[in-house]
Each structure stands twice: as C-alpha cells, then as structure tokens.
Amino acid sequence: MNTFALSTMWGIKRFPQFDDFFEAGREAGFTTFELNHGVNSAMLASVHLNGYRITSVHEPCPVDLSPAELKRRDWLISATDEENRHHGVAAVRRSIELAYQIGAAAVIVHPGRVLMDETAEATMWQLYRDGKRHTPEYEHILAQMVAERAERAPVHLDAVRRSLDELADEAARRGVRLGLENRDHYYEIPLIDELSELLDAGYGDTVGYWHDVGHAQKSEYKGYGPHEAWLDRFADRIIGVHLHDIAGMEDHLAAGQGQMPWEMLSRRLPAGDILRTCEFQNTNSPEQVAAGLIWLVKTLNN
C-alpha cells in the first residue's frame, strides 16, 4: 500500500504553533509530511523535525523571501540576468541542503517562467468564468499567447538548463532527487515538450518529474492540452505527485470534494514507489482532510 504525505500547505496560518500542524496531521491519519514553500526559518527553528518523517521539500523552503517576492525580483532559475539566476539557484540549493539534513528524498522545483505579457492569461480566465471558453475571442487570445511564448522561451530554457547543471550536481552529492513540477500558468516553465527536453538533458535519475494533478487539470480546462498527456508521456520519470481535488478553477480541495478524474489517475499513476503528497489548502476542515486521505487510500491503492 502506498503512503500519503500531508503538505504543510494545510497548516500555514491555520495553527498557532508549527507543532500543532503535525499533531493535527497525525490525528487525520498521516504519518509522513512535506514541507512546502510557506515554511520559513523561524518555523523550522520552532520544531524538532527529527520527530517527524519528512519525505519531500517544496522549494523555496525555508521561504524567508516569498515566492511572490522572488518572482518580482526575477530571482528564478529561468532568469536571463546571471545575478538574478544565481539568486534563484541559491534558493533551490537551500532546499536541497534542508532535504539532506532531515532525510527527505526529494525537492520539488518550479523551473521558472518566460517573461511575457501575463495579463493575456488573466483575460482568458475571466472569459472562462463567463462561459466563453469556446469562443473566437478566447481562441484568438490563446493563439497570440502561444506565439509570444514560443518567441521568448528559448533564452529562458537555456537559463533553466544552466541552473539544473549546477543543481543536479549538488542534489546528486546530497542523495536528493529533484522533481520538476508541471505548472498551471502558460507563461511558466515547463510546457510538456520543454519537460521532455529537460529530463533528457543528461541528469539521470537525479532529475525527474513531479506531477501536480490540479495544475494539469486546470491546464486542460484552459485549452493547453489534456491532463493525461503528462502521465502517458512521463509515467516512467515520475518521482512524486501532488494530490488534491478541483471544482471549476478552484483546486487544492481535499480529495473527494470536487470533480478530479480520479479513475483516470488511478489507471495512469505509476503503481511503484513514488512519493504521494496531499496538497490541501488550509480552508479544508480537519474532517475533510481525514476524509480525503481515506478517499485516496480507497481510490488510488486499489
């Protein structure tokens, strides 16, 4: 039977003390956990992590600069400015070091973004919410966005490869694997073909794929490609998965609360030894979190 970890996403701003999250997670039935990018150095200092089994770390963790601030500064591994790129690499290195210190097997990596007009996608989201997904206006914006990204992406992918050259060496020395996560914004890296290029860049088993079910489902809804394409193409490279439910464009619901195609996932997710993390938002109640674990054990372990 596969073990499911609980991400600290559920605990951020929900519990007054970091220890309280772990105890609540245990009460909900979890024995393993993932540290997400809401955990800062002060939180880490407040708890004895050796008392808990941490299977994975989601960079940037510790998050003493928020992901939003790192993005604002372009301190990302995709940055074309070398100083900015080095800052992005340093943030991931901190997560690799933390994973090594606490015995976590993997670090989940967001591989950055393509600098382009991000307002176009926001307009598409509003059209989607207004029931205009299959309209000429929507398709026109999508086509323009695809063309702009294709023109601007190569220099950012070069930066990601240079960053992974450095990070993969560090991770291999520490015995930690890097999972490149699929994203739900079109300007983010990687698209499906880009992931193939990155996984085939010679990093061996050190760099693999981390599948986020909600991101893939939202991308399908927005017309970027079918959810199952990621699983069909990279099943043998998956090292972990983020599990949560989705209702419309609202994801990170506890499993069983939405319309995620769980039957499709149960057929396509590897049956072997991959890391499985419940990435539930803190708006889910303890009862929903516990029920979500029961749902996943029943649905994905059969």
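Select residues 4-7 and 32-35: these are strand 1 and strand 2, which pair in the parallel sense over three bridges. Strands (E, at least two residues) and helices (H or I, at least four) are DSSP runs, numbered from the N terminus, and two strands pair if DSSP finds at least two bridges between them. Within this pair, Ala 5 stands opposite Thr 32 of strand 2.

The model is predicted: local features need pLDDT of at least 70 and side-chain atom pairs count only at pLDDT 80 or more, while totals for chains, interfaces and linings use all residues. Residues are numbered from 1 along each chain as its sequence is written, and side-chain values use heavy atoms, with hydrogens and water left out.

Eight strands close it in the order 1-2-3-4-5-6-7-10, and the pairing is parallel. From one strand to the next the twist averages 30°. Angles run from 0 to 180 degrees between N-to-C directions, and axes are lines fitted to C-alpha atoms, for helices over the stretch in contact.

Next, select helix 7 (residues 192-199). Helix 7 packs on the sheet and touches strand 5 (177-181) and strand 6 (207-212), and its direction makes about 155° with that of strand 6. Contact means heavy atoms within 4.5 Å.

Go on to the largest pocket, which holds about 600 Å³ of space. A pocket is found on a 1 Å grid over the protein atoms alone: it is an open set of points where a 1.4 Å probe fits, with protein on both sides within 12 Å along at least five of seven lines, and lining residues have an atom within 4 Å of a point. Grid points are joined across faces, edges and corners, and the volume is the space filled by probe spheres set on the points.

Which residues lie nearest the centre of the largest pocket? Select His 37, Pro 67, His 110, Arg 183 and Glu 188, out of 30 lining residues. Helix 3 (67-73), helix 4 (82-102) and helix 8 (213-221) are the elements that give two or more residues to the lining. Helix 3 gives the most, with four.

Then select the loop between strand 3 (53-58) and helix 3, where Pro 60 lies. The peptide bond from Glu 59 to Pro 60 is cis, with omega near -5°. Pro 62 lies in the loop between strand 3 and helix 3 as well, and a cis peptide bond with omega of about 5° joins Cys 61 to Pro 62.

Another stop is Lys 13, in the loop between strand 1 and helix 1 (18-27). Lys 13 is not a glycine, yet its phi is positive, about 65°. Most residues other than glycine have a negative phi, and most peptide bonds are trans.
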